[in-house]
Amino acid sequence: MNRIFALARITFLNGLRRNAVWGLALFALLFEVAGSLFMDFFGRDLGRVIVDFQFSIMWLAGMLFILFYAIQAIAWDDDHKAIDSILARPISRIEYVLGTLLGLFILLLCFEGLLGVIAYAQIIIIKPMVQQGYFNIFVSSHYWIAWFALQLMLVALLAVAMLISSAIRGAFPVMLMTLAYTMICSGLPVVRESLQQKEQATTQGLADLLQAMSLIFPDYGLLDLKDSVVSEESLVALMGTPVWMPFSLIALYTVVVIFLTCLIYQRRDIL
């Protein structure tokens with residue numbers, strides 16, 4: 001554990017020294033603040049628009065962090081020579097995977113935590129400034145639950161990027177594969193829903209196949225809880241399932257992905 005935490009600390013500090021991370025943070029903060037300038041363009045559902053905008057910025061910033069920094073830090077290529085020294089003794093390959101993921105996760109959590117606090121403060125400031133009919137409800141507990149769900153989604157995507165980088169060399173192919181994976185996860189629920197509306201028997205086999213593919217490409221939309229922030233209803237009533245179920249499924253999926261990553265790193269020749 002000491003070696004894992006030491007590597008995580010090195011990864012975290014290395015991220016703090018990167019201008020790309022600070023530039024992305026500044027870019028996201030400016031977008032969050034600039035969103036308040038367009039309040040007058042929306043109608044009575046202003047609260048939902050603001051919450052959707054803030055969570056969209058946090059999700060986009062997290063994806064940009066994974067695609068353009070995290071993948072560059074973990075990908076194998078001819079220019080990335082640090083992995084050869086890191087995997088030398090006494091650091092094992094499993095410790096490398098866990099330490100790198102932990103360091104990137106802490107860096108991502110600090111980044112997203114800053115955005116989450118700024119977005120929360122902005123919502124608290126804006127709500128009293130508008131009339132009651134424009135921003136009726138804001139549930140703080142639902143906001144932080146939705147924020148935590150977003151972080152769990154990003155951590156799962158970060159683990160998938162690490163899994164892809166363990167099997168494919170080069171940062172650009174890993175980025176393309178991660179982006180394609182994200183798009184497939186977003187598109188499969190739409191395709192399954194469209195097939196469910198058809199009553200033809202020939203589509204049943206295809207529907208079963210798409211349902212089985214959710215084991216590899218999970219529906220991250222289950223963790224999209226931003227609509228609950230402007231609703232006083234319980235999360236169980238809004239989702240139709242206990243709130244712990246999607247959290248548990250994505251957490252289990254992340255653990256399995258990390259296990260497969262460690263397995264590939266143990267068997268893969270790094271030279």
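**Figure 1. The buried face of helix α1.** Ile4, Leu7, Ala8, Thr11, Phe12 and Gly15 are the buried residues of α1. Buried means under 20% relative accessible area and exposed over 50%, with partly exposed in between (1.4 Å probe, protein chains only). These residues lie on the same side of α1, because they cover an arc of only 140° around the axis. The arc is taken from the directions from the helix axis to the C-beta atoms. On the other side of α1, Asn2, Arg9 and Ile10 are exposed. The model is predicted: local features need pLDDT of at least 70, side-chain atom pairs count only at pLDDT 80 or more, and totals for chains, interfaces and linings use all residues. Residues are numbered from 1 along each chain as its sequence is written, and side-chain values use heavy atoms, with hydrogens and water left out.

**Figure 2. The length of helix α1.** Helix α1 holds 15 residues, 2-16. At 1.5 Å a residue they should span 21 Å, and the end C-alpha atoms are 21 Å apart, which agrees. The expected span is 1.5 Å times one less than the number of residues.

**Figure 3. Helix α1 against helix α5.** The axes of α1 and α5 come within 7 Å and cross at roughly 45°. Axes are lines fitted to C-alpha atoms, for helices over the stretch in contact, and angles run from 0 to 180 degrees between N-to-C directions. The two helices are therefore oblique to each other. Angles under 35 degrees count as roughly parallel, over 145 as roughly antiparallel, 65 to 115 as roughly perpendicular and the rest as oblique. The crossing of α1 and α5 is right-handed. A crossing is right-handed if the near helix is turned clockwise from the far one by less than a right angle, and left-handed if anticlockwise. Contact residues of α1 include Arg3, Phe5 and Leu16. Those of α5 include Tyr96, Gly99, Leu102 and Cys110. Contact means heavy atoms within 4.5 Å.

**Figure 4. Helix α2 beside helix α5.** Helix α2 covers residues 19-35 and helix α5 residues 93-126. Their axes come within 10 Å and cross at roughly 15°. That makes α2 roughly parallel to α5. The crossing of α2 and α5 is right-handed. On α2, the contact includes Val21, Leu24, Ala28 and Gly35. On α5, Phe111, Leu114, Ile118 and Gln122 are among the partners.

**Figure 5. The helices in the whole chain.** The chain has 10 helices and 0 strands. Helices (H or I, at least four residues) and strands (E, at least two) are DSSP runs, numbered from the N terminus. Buried residues make up 43% of the 271 residues in the chain.
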